[in-house]
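User: Could you walk me through this one? I'd like to go over the helices, the domains and a few single residues.

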Amino acid sequence: MWPLLAAYGIVTIMSGIFLLPITGTFGMAIGLIGALMVVTSIFVSPPTPEQPDDKSKKYCSYCIAEIDKNEKICPLCEIEQI
Ligand SMILES: [Zn+2]
């Protein structure tokens, strides 16, 4: 269950209903997308941001290697960290 996606889906359905008398088929398509979002949100979980298990580590912003949090330059690709 992904509540945020469900909320967005409901909002999309509502705008679809609102657009239906104005645009006809287009509003129906929007509503259908909203319904699809709600259905999808039931089966999927919210995405968890990529974080290393070790709190003293982080991922290199370039090569995604696990490096020390205090590292200014990645030892693998030698790219400066932002
Ligand atoms: Zn790197």
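Analyst: Before the contacts come up, one definition: two residues are in contact if their C-beta atoms, placed from the backbone, lie within 7 Å. Please also keep in mind that this is a predicted model.

User: OK, which residues does G31 touch on that basis, not counting residues up to four places away in sequence?

Analyst: Leaving out those sequence neighbours, G31 touches I13, G16, I17 and L20. G31 itself lies in helix α2, and the C-alpha atoms of G31 and I10, which are 21 residues apart in sequence, are 8.8 Å apart in space.

User: And is G31 buried or partly exposed?

Analyst: G31 is partly exposed, because it has 19 other C-beta atoms within 10 Å, and a residue counts as buried if there are 20 or more.

User: What about L20, where is that and what does it touch?

Analyst: L20 is placed in helix α1, which covers residues 3-23, and, with residues up to four places away in sequence set aside, L20 touches G27, M28 and G31. L20 counts as partly exposed because it has 16 C-beta neighbours inside 10 Å. Along the chain L20 and G9 are 11 residues apart, and their C-alpha atoms are separated by 16 Å.

User: How do α1 and α2 pack, then?

Analyst: The axes of α1 and helix α2, the latter made of residues 25-43, are 7 Å apart, and the two helices pack at an angle of about 165 degrees. That angle makes α1 roughly antiparallel to α2, since angles over 145 degrees count that way. The crossing in which α1 passes α2 is left-handed, and the residues of this contact divide into 16 nonpolar, 10 polar and no charged.

User: Switching topic: which domains does the assignment give, and how far apart are their centres?

Analyst: The domain assignment of the chain gives domain 1 as 3-43 and domain 2 as 49-82. The C-alpha centres of domain 1 and domain 2 lie 40 Å apart.

User: What's going on at T48 and Q51?

Analyst: T48 has its place in the loop between α2 and β1, and Q51 is found in the loop between α2 and β1 as well. T48 is exposed, because it has 6 other C-beta atoms within 10 Å, and Q51 is exposed with 10 other C-beta atoms within 10 Å. As for distances, the C-alpha atoms of T48 and I22, 26 residues apart along the chain, are separated by 39 Å, whereas Q51 and G16, 35 residues apart in sequence, are 37 Å apart in space from C-alpha to C-alpha.

User: Last topic, backbone angles. What is the phi of I64, and what is the phi of E78?

Analyst: I64 has a positive phi of about 60 degrees although it is not a glycine, and phi of E78 is near 60 degrees, again a positive value in a residue other than glycine. For context, most residues other than glycine have a negative phi.

User: Where do those two sit, and are they buried or exposed?

Analyst: I64 lies in the loop between β1, residues 57-59, and β2, residues 66-68, while E78 lies in the segment after β2. I64 counts as exposed because it has 12 C-beta neighbours inside 10 Å, and a residue is exposed if there are 12 or fewer. E78 is exposed too, with 9 other C-beta atoms within 10 Å.

Note on methods:
Residues numbered from 1 in each chain as written. Predicted model: local features only at pLDDT ≥ 70, side-chain atom pairs only at ≥ 80, totals over all residues. Helix = DSSP H or I, 4+ residues; strand = E, 2+ residues; numbered from the N terminus. Domains from an automatic or database assignment. Axes fitted to C-alpha atoms, helices over the stretch in contact; angles between N-to-C directions. Parallel < 35°, antiparallel > 145°, perpendicular 65-115°, else oblique. Left-handed = near helix turned anticlockwise from the far one by under 90°. Nonpolar A, V, L, I, M, F, W, Y, C, P; charged D, E, K, R; others polar.
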